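Good morning, and thank you for making time for this. I would like to walk you slowly through one structure, so please have a look at it before I go on.

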Amino acid sequence: MPITKAYACSCAAPPSVQEAVQQSAAVFSGKVISIQEKQGLIFSSADPVTVTLSVKRIWKGEPAQESRVRTALSEASCGYGFQPNKDYLVYASQDDEGRLMTTLCSRTKPLSAAADDLAALGAGKAPDVSGTAAPLSGAGANTPMRPVYLAAVFGVSVCIVYLLAAISYGGTRTQAHGLQLPESSRLPEEEASSPRKRPSGRSLPLLLFSLAAAGALTWLVSLLVG
């Protein structure tokens, strides 16, 4: 009587290719380039293992050219046993933090044994050569309107800061020099004998200060809006 291995992991019948694609957040093929296990003295069969793959073809999702997939350390906890430098067809779901993960119960398998899956999946597409994974959800995605939005924030900030600085500087000058008579109440002799005032030369410093303050404010807003 042949002896077979028994595992604590119990899987239902594997879904069809179409069902597996629908249930997955990402489906892709790739070669394992690194496997990172938990470091320490105490281990559990459920400890996460992070597998980095060089993605070759994509059928669902937008994984990066180098993507990380998590699985359990041991097959006893339904972890998939990836091997270095081997090619795989990966059906990955997402955990609560949006990270890709796969299990022994998925249709993930060596690429050499995935002929039926590849025939059903079709040609697929190449990964993004930029190497940056596009978000699987809308969170954190930049919209085309963001540069326009930040430019508007910067322009409004310059105007507000410059106006406040000018008002503050004007009030300081009035307190320093005392209350002056308006031009219309001066006598002609007083008008003639009074030397014309030159511009204070404070416009440029005020403008530079406004630009710097507005730039800092715009940077802060860009951090807050993500």
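Let me begin with a term: a residue is called buried when its relative accessible area is under 20%, exposed when it is over 50%, and partly exposed in between, with a 1.4 Å probe and protein chains only. What you see is a predicted model, in which local features need pLDDT of at least 70 and side-chain atom pairs count only at pLDDT 80 or more, while totals for chains, interfaces and linings use all residues. Residues are numbered from 1 along each chain as its sequence is written, and side-chain values use heavy atoms, with hydrogens and water left out.

I will start with the disulfides, meaning pairs of cysteine sulfur atoms within 2.5 Å, of which the count comes to two. C9 and C78 form one of them, with their sulfur atoms 1.8 Å apart, and with 100° about the S-S bond this link is right-handed. The pair links distant parts of the chain, since C9 is in the segment before α1 (17-23) and C78 is in the loop between β3 (66-72) and β4, 69 residues apart. When I speak of helices (H or I, at least four residues) and strands (E, at least two), I mean DSSP runs, numbered from the N terminus. Both C9 and C78 are buried.

A disulfide also joins C11 to C105, again with an S to S distance of 1.8 Å, and its torsion about the S-S bond is about -70°, so this disulfide is left-handed. C11 lies in the segment before α1 and C105 in the loop between β5 (100-101) and β6 (109-110), so the pair ties together parts that are 94 residues apart in sequence. Here C11 is partly exposed, with a relative accessible area of 35%, and C105 is partly exposed too, at 27%. With bonded cysteines counted along the chain, the disulfides follow the pattern 1-3, 2-4.

Now to the strands, where two strands are said to pair if DSSP finds at least two bridges between them. Nine bridges join β1 to β2, which run antiparallel, and β1 also pairs with β4 in the antiparallel sense, over six bridges. As an example from the second pairing, K31 has D87 in β4 as its bridge partner.

Where does V27 sit? V27 is in strand β1, residues 26-36, and it stands opposite K60 in β2. V27 is buried, with a relative accessible area of 0%. Counting contact as heavy atoms within 4.5 Å, and leaving out residues up to four places away in sequence, V27 touches V21, I58, W59, K60, L89, V90, Y91 and L121. The C-alpha atoms of V27 and L89 are separated by 7.4 Å, although the two residues are 62 residues apart along the chain.

Let me finish with the aromatic rings, where rings of Phe, Tyr and Trp (its six-membered ring) pair if their centres lie within 6.5 Å, and planes under 30 degrees apart count as stacked, over 60 as edge-to-face and the rest as tilted. By this rule the count comes to three aromatic pairs. The rings of F82 and Y88 have centres 4.9 Å apart and planes at 70°, so this pair is edge-to-face. F82 is buried at 6% relative accessible area, and Y88 is buried at 4%. Ring pairs link Y80, F82 and Y88 into a cluster.
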